Amino acid sequence: ESNIFMKREVAKVILYENIEMIKSGKEEDLLNDLRTRTGFNIHRYSINKIDFLKDAAQIKIYYFE
């Protein structure tokens, strides 16, 4: 059975090209930028892969539906 009152967490993998935001100390700025760009109310993320040749990162974002 499914509880209609429970929120379901969704995860998506995105390609993020603003590599400057990946730096340590910019976690909150990165989270806000991800929220602005995607339109999702992201509550956490994980950086899966960083490609310095392409200046891009593969990031997994998590939000509730």
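1. Contact here means heavy atoms within 4.5 Å. With that in hand, take the contacts in the protein chain with a separation of 6 or more: residues 24 or more positions apart account for 49% of them.

2. A word on the ground rules before going further. This is a predicted model, where local features need pLDDT of at least 70 and side-chain atom pairs count only at pLDDT 80 or more, while totals for chains, interfaces and linings use all residues. Residues are numbered from 1 along each chain as its sequence is written, and side-chain values use heavy atoms, with hydrogens and water left out.

3. The layout is quick to describe. The protein chain has 1 helix and 3 strands, and from the N terminus on they run β-α-β-β. Helices (H or I, at least four residues) and strands (E, at least two) are DSSP runs, numbered from the N terminus. Strand β1 covers residues 9–16 and strand β2 residues 42–51, helix α1 spans residues 27–38, and β3 is 56–64.

4. Now the overall dimensions. The radius of gyration of the protein chain is 13 Å, whereas a compact globule of 65 residues would come in near 11 Å. That radius is taken over C-alpha atoms, and the globule rule is 2.2 Å times the number of residues to the power 0.38. Along the principal axes, the C-alpha atoms fill a box of roughly 45 × 20 × 20 Å.

5. How much of the chain is buried? Of its 65 residues, 25% count as buried. Buried means under 20% relative accessible area, exposed means over 50%, and partly exposed is what falls in between (1.4 Å probe, protein chains only). The accessible surface of the protein chain comes to about 5,100 Å², with 49% of it belonging to carbon and sulfur atoms. These areas come from the Shrake-Rupley method with a 1.4 Å probe, and for residues only the protein chains shown count as cover.

6. On to charge. The protein chain carries 11 positive and 11 negative side chains, and the centres of the two sets lie 3 Å apart. Lys and Arg count as positive and Asp and Glu as negative, leaving out His and the chain ends. Each charge is placed at NZ of Lys, CZ of Arg, CG of Asp or CD of Glu.

7. Side chains of opposite charge can pair when their charged atoms come close. A search of the whole structure finds 4 salt bridges, a salt bridge being a side-chain nitrogen of Lys or Arg within 4 Å of a carboxyl oxygen of Asp or Glu. One of them joins E9 and R44, with the closest N and O atoms 3.2 Å apart. Because E9 lies in strand β1 and R44 in strand β2, this pair ties together parts that are 35 residues apart in sequence. E9 is partly exposed at 35% relative accessibility, and R44 is partly exposed at 39%.

8. Another salt bridge pairs E20 with K23, where the closest N and O atoms are 2.8 Å apart. E20 is partly exposed at 44% relative accessibility, and K23 is partly exposed at 45%.

9. Within helix α1, D33 and R37 sit 4 residues apart, about one turn of the helix. Their side chains meet in a salt bridge (2.9 Å, N to O).

10. Which residues does R35 contact, leaving aside neighbours within four places in sequence? They are E28, F40, N41, I42 and H43. F52 is 17 residues from R35 in sequence, and their C-alpha atoms are 23 Å apart in space.

11. Have a look at the two ends of the chain. K7 lies in the segment before β1 and is exposed at 62% relative accessibility. K7 and E65 are 58 residues apart along the chain, yet their C-alpha atoms are separated by 6.0 Å. Leaving aside neighbours within four places in sequence, K7 is in contact with F64 and E65.

12. One backbone point to finish. D55 has a phi near 50°, a positive value in a residue other than glycine. D55 is placed in the loop between β2 and β3, and D55 is partly exposed, with a relative accessible area of 41%.
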